[in-house]
Amino acid sequence: MPVDLSLYLVTDSTPAILKGRDLCTVVESALQGGVTVVQYRDKTNDTGVQVETARKLHQVTKKYNVPLLINDRVDVALAIGAEGVHLGQDDMSFIEAKKLLPENAIIGISTSSIEEARKATADGADYIGIGTMFATSTKTNTKSVIGTAGTQVILDAIKDSPIGTVSIGGINHSNVQRVLYQSQSPKKALDGVAIVSAIVAADDPKASAEHFVELIRNPPRFAQVSNPPRANEAEALLNEVPQIIRKMVEVHPLVHNMINFVVSNFVANVALSIGASPIMSPYGDEATDLCKFDGALLINMGTLTSESVSNYLKAITAYNDRGNPVVYDPVGAAATHIRRNAVTQLMAGGYFDLIKGNEGEIRQVWGSSAVQQRGVDSGPSTLDGNQKAMLARDLARRERNVVLLTGATDYLSDGERVIAVENGHPYLGQVTGTGCAIGTISGCFLAAHRSDRLLAVLSGILMYEIAAENAAAKEYVRGPGSFVPSFVDELYAIRTAAANGDDSWFAGRAKIHEVKLDNVKPTTSSSLGFPASPTSPIPVPRQFFSSTSTTRTFYTNPSILTYNLVTAAIMAVTTRASRIRKKPPNVTMQVTNIKPGNPALFICDIQDKFRNGIYEFPNLVSTTEKMLRAASTLQIPVFITTQNRAKLGNTVPELQQHLNGPHIRADVDKTLFSMITPEIEKLLPAPDSAPLDVIIVGIETHICVTQTTLDLLERGHRVYILVDGVSSINPEERGIALARLRDAGAVVTSSESVLFEILGDAAHESFRAVSGLVKETKETTKGALGVFSKI
Ligand SMILES: Nc1ncnc2c1ncn2[C@@H]1O[C@H](COP(=O)(O)OP(=O)(O)OP(=O)(O)O)[C@@H](O)[C@H]1O
Ligand SMILES: Cc1ncsc1CCO
């Protein structure tokens, strides 16, 4: 049955919320305001009271031709003839409910992960409730809080299904437009929002519902205008930069800085020198007045205090409501726990037109738990240019805003276009506050030019960095100290030239180019395996970034050298003579104290034809199935191969159902024994980026698994071979191969052990899901280990 989910009311019978009013009266008032569906949710009253209340509610909802759904209780729904039910993950299963309810009954399911959403979709649910969107004072289980980013990932995963979607958790008037806007994936948007206390506890539920209807119908004032890339985007942008700079000087925007005390004075002078009007104000309540000047707000959390975040949130709300630009500079985001939490709170608390930071900061905002900044510096770079460009693009795409990742080369993206800026001078890196000033300058330009935010920020960066080049070139500048006054002078000189319509300072000076990432599959959830959401329980892998807890020692292991001489001799007589390793694998690198912080799952040739030949094949399949399910929950990238598929069959049907989704990176047929075929090699991280922690399962241990392991070790990756996930025709081959591979530097371990190492902490957002899986498969795991660990 099609149902209008746009304003979905969930009732709450707790006295503090109802404040002495009758539930039916409150619901009727809400219906008059435009509620489109009502869910009766009652976790306390006994069945008799529930049936009675539901019957009364149904009389009311029928008057407004709005469906009534009963939370959890199929029996109550049947007793009163309600239009349907809403079921949680721990309630009666969809299949059971479907059997009991009339044919056209509406059935909705609560989901908070891709897996749950896919299952509800496949089962045939009418809609899913996706949440928890935001933590609330009553719902403190933050593990299920997925935010807009997590919701977007789920929507993307079910984009091809017409199933209805509604977001739930902490949604109110001030965030509802942002929820709808920022959750949207390119092909699927939310159909509605579920509201509890913002309507039920409101003094006037009708007015509250009316207000929601109005907000839901309209995009937020900060919604971004789309500027699709042009044929020669960089050139087209450059043509517009001088006029944007003139415009900014003319507009003379106010820039409200909530900024750290270290750089406050310098940044105010920079803002003045470019022709803007700075005000430094850390007091959140002042924003309600300041935002009326239609300037920009900068949130720079460089010197955070216990009061900062609540002040920032007040100011962000004031500027967001008015649609005025807000810039976020998450200074030192990955340095401390306090700052990481502040990032989570601020990202959940408002919309930022621009997020600007150095590599470490932007990675933290993205949600990588592997970043550790030492103070406010970015720390050593672990990403190459393309990866930085992709990070900026993917974050901008996810947040539906603009992202600037600063460094010697700056990467600027609005989620579609990515521009690299190579102007600037190394002195900028030697003066504190030069990055912070870019946040302020960007705010000035965003306030002056609203229609193309990327162009606005680019204009600001170019003015700034060309001024820095001019300043550094002065003969009296001898270092960072004398550079600062010269720099402020040069900013002022450009501003004066621009005011006089003189663009000669700009001619031929900009060093920018567009970064094309066409060959990289666009996704809203994760590219390069970056986690999808800072708050998401869905994919929070620490992929593609090296873990800070990883230590590597480098030494030469003579036994490996000897061993490989023998190996080479044997392999010389095989058809793979050309692939004999020129240097022994892992001669120079041995990893100690490793943790699988950057995991990938490799499934090697688990095909039908081997079913009858391979030792304990069903046990190998059950371990693999468990690993695939965990990979889906944790969004670990998966690489699959088959050996000569035409002849030996596809990957076995038991595993096929788990081979869909964005985390499945490759499914390749091969003739090589190693899985590192040219196709797969292309998908591995570049040699100078963080190595993978490859977990291998499959067959045969002593042939394809061995050669894949050696190839990966040779390329600097870490390899974990699951004892309960690899096998051969001759069981004895397993032991020999595993011993050899351990000598070569691989970690020989078990599926359960590796899964808990990936989680690392019982507070991990996916702990419940993964430990549930481990529990569910306890018996098969025992069986597999029983047969495999002996050999
Ligand atoms: N080696 C360099 N060459 C050219 N420009 C540089 C160099 N280092 C930094 N910059 C410029 O300085 C600006 C500030 O970047 P940086 O990444 O150092 O900011 P930051 O770490 O946030 O600084 P801070 O916290 O001190 O304000 C960048 O826009 C960049 O263009
Ligand atoms: C050094 C420093 N410490 C906190 S903020 C800041 C200025 C650079 O962002």
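## Helices α22 and α30

Helix α22 (residues 617-634) and helix α30 (residues 778-788) pack with their axes 9 Å apart and at an angle of about 130°. Helices (H or I, at least four residues) and strands (E, at least two) are DSSP runs, numbered from the N terminus. Axes are lines fitted to C-alpha atoms, for helices over the stretch in contact, and angles run from 0 to 180 degrees between N-to-C directions. The angle makes α22 oblique to α30; angles under 35 degrees count as roughly parallel, over 145 as roughly antiparallel, 65 to 115 as roughly perpendicular and the rest as oblique. The crossing of α22 and α30 is left-handed, a term used if the near helix is turned anticlockwise from the far one by less than a right angle, whereas clockwise gives right-handed.

Asn619, Ser622 and Thr623 of α22 make the contact with Thr780, Gly783, Ala784, Val787 and Phe788 of α30. Two residues are in contact if their C-beta atoms, placed from the backbone, lie within 7 Å. By class, the contact of α22 with α30 has three nonpolar, five polar and no charged residues. Here Ala, Val, Leu, Ile, Met, Phe, Trp, Tyr, Cys and Pro count as nonpolar, Asp, Glu, Lys and Arg as charged, and the others, Gly among them, as polar.

## Basis of the description

The model is predicted: local features need pLDDT of at least 70, side-chain atom pairs count only at pLDDT 80 or more, and totals for chains, interfaces and linings use all residues. Residues are numbered from 1 along each chain as its sequence is written, while chains are lettered from A and ligands numbered from 1 in the order in which they are written.

Val176, Gln177 and Leu180 of α8 meet Phe212, Leu215 and Ile216 of α10. The residues of this contact of α8 with α10 comprise five nonpolar, one polar and no charged.

On the side of α7, the contact is made by Thr148, Thr151, Gln152 and Leu155; on the side of α8, by Val179, Gln182 and Ser183. The contact of α7 with α8 contains two nonpolar, five polar and no charged residues.

## The barrel

Eight strands close into a barrel, with parallel pairing, in the order β1-β2-β3-β4-β5-β6-β7-β8. Neighbouring strands of this sheet are turned by 25° against each other on average, direction ignored. Two strands pair if DSSP finds at least two bridges between them.

Strands β3 (residues 68-71) and β4 (residues 84-87) pair in the parallel sense over three bridges. Isoleucine 70 has valine 85 as its bridge partner in β4. Helix α3 (residues 47-63) packs on the sheet and touches β2 (37-40) and β3; the direction of α3 makes about 175° with that of β2.

## The open sheet

Nine strands form an open sheet with mixed pairing, in the order β10-β9-β11-β12-β13-β14-β15-β16-β17. The edge strands, each pairing on one side only, are β10 (277-280) and β17 (512-514). On average, neighbouring strands of this sheet are turned by 20° against each other, direction ignored.

Strand β13 (residues 354-358) runs parallel to strand β14 (residues 402-406), and five bridges join them. Asparagine 358 stands opposite threonine 406 in β14. Helix α11 (residues 233-251) packs on the sheet, touching β16 (418-421) and β17, and its direction makes about 135° with that of β17. Helix α18 also packs on the sheet, touching β9 (254-258), β10, β11 (296-300), β12 (326-329), β13 and β14; the direction of α18 makes about 160° with that of β11.

## Surroundings of the ligands

Ligand 1 has 20 residues around it, of which Thr406, Gly424, Leu428, Gly429 and Gly435 come nearest. A residue is near a molecule or strand if its C-beta atom, placed from the backbone, lies within 6 Å of it. Helix α18 (residues 434-448) gives the most to the shell around ligand 1, with four residues. This shell has seven nonpolar, 11 polar and two charged residues.

Ligand 2 is surrounded by Asn260, Val262, Val263, Gly302, Thr303, Val331, Val376, Thr432, Gly433 and Cys436. The shell around ligand 2 divides into five nonpolar, five polar and no charged residues.
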